[in-house]
Amino acid sequence: MALTRWIRRNLVVIAGLGTLAYLILPNVVVLIFSFNKPNGRFNYEWQRFSTDAWTDPCGVADLCGSLSLSLKIAVWATIGATVLGTMIAFALARYRFRARPAVNSLIFLPMAMPEVVMAASLATLFLNMGVDFGFWTILIAHIMFCLSFVVTAVKARVMSMDPRLEQAAQDLYASPAQTFLRVTLPIAAPGIAAGALLSFALSFDDFIITNFNAGSTVTFPMFVWGSAQRGTPVQINVIGTAMFAIAVLCVLAGQLAGTRRKRS
Amino acid sequence: MSATTAPETAPPAPPPAAPAGVRKAARRKKLVPYWLLFPGILWLVIFFAAPLVYQASTSVQTGSLEEGFKVTWHFQTYWDALTEYYPQFLRSVMYAATATVLCLLLGYPLAYLIAFRAGRWRNLVMILVIAPFFTSFLIRTLAWKTILSDSGPVVGVLNSLHILDVTSQLGLTEGERVLATPLAVVCGLTYNFLPFMILPLYSSLERIDGRLHEAAGDLYAKPFTIFRKVTFPLSMPGVVAGTLLTFIPAAGDYINAELLGSTDQKMVGNVIQSQFLRVLDYPTAAALSFILMAAILGMVTVYIRKSGTEDLV
């Protein structure tokens, strides 16, 4: 009786933790199977413990090549999308002009469009222009779909910013450039950082758009996709686990820095 | 992501009438937003909007890869694509809708937990929601193959509880396996798009003033009534944003159907992918993507009208 009452009172917590477990379960499986020594080409069944894959993460042909290509594309796509997106966000947040509604919908549409539609359209265009698929077509596509996310993140930040701060700077005889560099940019920085991080994650993990626009170039997600058909090396689990660990460490470091700044 | 919910601030007050000498500078200043917009918008026009127009013209072309394609206004392609692939369209909508409902049912308690019950654990739980994102989603989807494998513990438990007998009767699974059945595909879709549901739900729940709950309680509302009459209506913007963010990508997805399903679970994304990359029948692929886009736009419009978010957002 007491137990049922306890369950009823904490139903939300129990259900929430259940969902959390559902979210994390595959990551746990990826971690466990990174220590597997599979029998055959596929790493789907537990055989026996081994750290081979961890000591030799690049031991599979093309894996680390595809990984560094993905990193390279993600870095350039992040830079491109962040610069272009921040400019658009400032224009939208700070100025009134006639094309504003049209620009707003052009920014919104890529986020509301199934990826496969964008992917096939862009590939059709490249195909008909006779462009060779490869690094550049992937980069162009990634900047295209990351752009909207940067605009949304930066715009939200700039809009919530008090315009009086800039007026105060100008009252204190700061030039427009000084006002921008010393006041506006630092305040907008968290939004820009969020947009950049999102771009990096989206670009690094993108499969659908890359699949249509890569030709024979193999990024990391495409390597994983191919290996799902040919046989999955354990090293994929190692890379997946490492990515998870690095991300958690980064977030924790960011949080620590944040709380320390708040205290001081 | 929150383009629909981003608050539009009032326009800055127009500057007072300037003397003639300043007018030239003011005109130059008027062009500033256009210079800021130019490169990014040009990028989107060339690589997002123009391809869609191009795709539209491709969908009414006929020809072959060897002889080249020509615009012949052959609208028959649309009809042929629809009649041939309507099962895949229906399946996409059904799977995506089921996954969206499951995401809402699973995501709501977790978002609620983070917003109201997590206390000092809030940041940790938040990290645990976002962190799985960073393991490549293809790797995580492949992990579901291990979890749902025929000899795995999940199938074993479901089997011994005779749940698989029931789901087989419903056509969700086949015999004693989960992998390569509709259940596996929907499970993968739900898993992959769950964070897109949780984050908007959380941000709208977090904005609710806790005193409203207290007020409702003071007026003798039972916990469930408080939820039904206060919490849920106030979280509607999150519910709408979350369902759109889950439904749209899920309907176009082909990765879950490919990795976790069999040929019987193909969705429309799989068809577009194989028409474009394997069969090289570009007009059919283009027509299929346009039908998918139109269907989603239609459904989303009706949904937004029905849910009445126009005045909620």
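Predicted model: local features only at pLDDT ≥ 70, side-chain atom pairs only at ≥ 80, totals over all residues.
Me: Happy to start with chain A: why are α6(A) and α7(A) called oblique to each other?
Reply: Helix α6 (residues 115-129) of chain A and helix α7 (residues 135-159) of chain A pack at an angle of about 140 degrees, their axes lying 12 Å apart. Roughly antiparallel would need an angle over 145 degrees, and roughly perpendicular covers 65 to 115. The pair is therefore oblique. As for handedness, the crossing of α6(A) and α7(A) is right-handed.

Me: Which residues of α6(A) and α7(A) meet?
Reply: From α6(A) come M118(A), L122(A) and F126(A), and they meet T137(A), I140(A), A141(A) and M144(A) of α7(A).

Me: What makes up the contact of α6(A) with α7(A) by class?
Reply: There are six nonpolar residues, one polar and no charged ones. Met, Leu, Phe, Ile and Ala count as nonpolar, so T137(A) is the polar one.

Me: On to chain B: how do you know how its radius of gyration compares with that of a compact globule?
Reply: For 313 residues, a compact globule would come near 20 Å, but chain B has 25 Å. Along its principal axes, the C-alpha trace of chain B spans about 85 × 75 × 35 Å.

Me: What makes a residue of chain B count as buried, and how many do?
Reply: The cut-off is under 20% relative accessible area. Buried residues are 46% of the 313 in chain B.

Me: And what secondary structure does chain B have?
Reply: Chain B has 14 helices and two strands. Of its contacts with a separation of 6 or more, 67% are between residues 24 or more positions apart.

Note on methods
Residues numbered from 1 in each chain as written. Chains lettered and ligands numbered in written order. Heavy atoms only, no water. Axes fitted to C-alpha atoms, helices over the stretch in contact; angles between N-to-C directions. Helix = DSSP H or I, 4+ residues; strand = E, 2+ residues; numbered from the N terminus. Parallel < 35°, antiparallel > 145°, perpendicular 65-115°, else oblique. Left-handed = near helix turned anticlockwise from the far one by under 90°. Contact = heavy atoms within 4.5 Å. Rg over C-alpha atoms; globule rule 2.2 N^0.38 Å. Buried < 20%, exposed > 50% of the residue type's maximum accessible area, 1.4 Å probe, protein only.
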